[in-house]
Every structure is written in C-alpha cells, then in structure tokens.
Amino acid sequence: MYMDGFRKTWNGNHVCLNLFFPGWTLDSREKFILAIFGVYAMAIAVEGISKIRRRIVMMAKKEANQPDNGESWTPNVLRLIVTTIHGIQALTGYLLMLATMTF
C-alpha cells in the first residue's frame, strides 16, 4: 500500500494500488471497479453479520425467560456463538476500514 496521497488510476500513469495483498494490484480500470463493488459487498456483509448477531442475542434473551424444556441452547453456547460472530464482524469491519483507506 502506497501512502503518498490520493491518486487516480484511470490514466494508467500513476502508481497502482494494492488491495489487502501485493498480489491484488489494481492495475486496470476493470480491477478497480471490481474492487469498489467488492468493498461495497463487504459493507453489506458487515451489516448482515450485525443483524444476525442481534437476532441471536434477542433469541437468547427470550429463551432466558422461558422454562427449560430440554430443547433450548445453553447460555454458554449462545455466548460463544455471539462472541464468535462479534469477532467476525470486527475483523470484517477492520478489513473494510483498511480497504476504504486504500482507495
């Protein structure tokens, strides 16, 4: 990743951007546009992961108020699932921030 200010790659006479890895060099207009749509899809995925996590938390709260019928998830399992999903959300959000700073 080059840190020498804002550049555009439309003309082809500037340094090319690397998205996440040196092998993912955005050296053509098509790759640049594909990367923009990929980063946008990542943003949608972060919001989807957040919604899934909120639904699991609501399900856990609802199950905590109901009597145990033997079919419910234990609180420790739900905590582990929520923690794992939160970690995935944080990692994806960090990668999204890194990609946005690259553009």
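The chain exposes about 7,900 Å² of accessible area, of which carbon and sulfur atoms supply 64%; areas of this kind come from the Shrake-Rupley method with a 1.4 Å probe, and for residues only the protein chains shown count as cover. The model is a predicted one, in which local features need pLDDT of at least 70 and side-chain atom pairs count only at pLDDT 80 or more, whereas totals for chains, interfaces and linings use all residues. Residues are numbered from 1 along each chain as its sequence is written, and side-chain values use heavy atoms, with hydrogens and water left out.

Of the 103 residues in the chain, 20% are buried, where buried denotes under 20% relative accessible area, exposed over 50%, and partly exposed the range in between (1.4 Å probe, protein chains only). Two helices and two strands are present, and they follow the pattern β-β-α-α when read along the sequence; helices (H or I, at least four residues) and strands (E, at least two) are DSSP runs numbered from the N terminus. Among contacts between residues at least 6 apart in sequence, 55% join residues at least 24 apart, a contact being heavy atoms within 4.5 Å.

Phe20 is placed in the loop between strand S1 (17-18) and strand S2 (25-26) and is partly exposed, its relative accessible area being 28%. When neighbours within four places in sequence are left aside, Phe20 is in contact with Met42, Leu95, Leu98 and Ala99. For the pair Phe20 and Ala99, a separation of 79 residues in sequence goes with a C-alpha to C-alpha distance of 7.0 Å.

Helix H1 comprises residues 29-64 and includes Ser50, which counts as buried at 9% relative accessibility. The side chain of Ser50 makes a polar contact with that of Arg54 at 2.8 Å; a polar contact is a pair of N or O atoms within 3.5 Å, and within protein one atom must be able to donate a hydrogen and the other to accept it, while residues adjacent in sequence count only if both atoms are side-chain atoms. Glu47 is also found in H1, but is exposed, with a relative accessible area of 51%.

Helix H2 covers residues 75-102 and contains Tyr94. Its end C-alpha atoms are 40 Å apart, in agreement with the 40 Å that its 28 residues should span at 1.5 Å a residue, the expected span being 1.5 Å times one less than the number of residues. Buried positions in H2 are Leu78, Val82, Ile85, Gln89, Thr92, Leu96, Ala99 and Thr102. For Thr92 the relative accessible area is 16%, and a polar atom of the Thr92 side chain lies 2.7 Å from the backbone oxygen of Ile88. Beyond its neighbours within four places in sequence, Thr92 is in contact with Met42, Val46 and Ile49.
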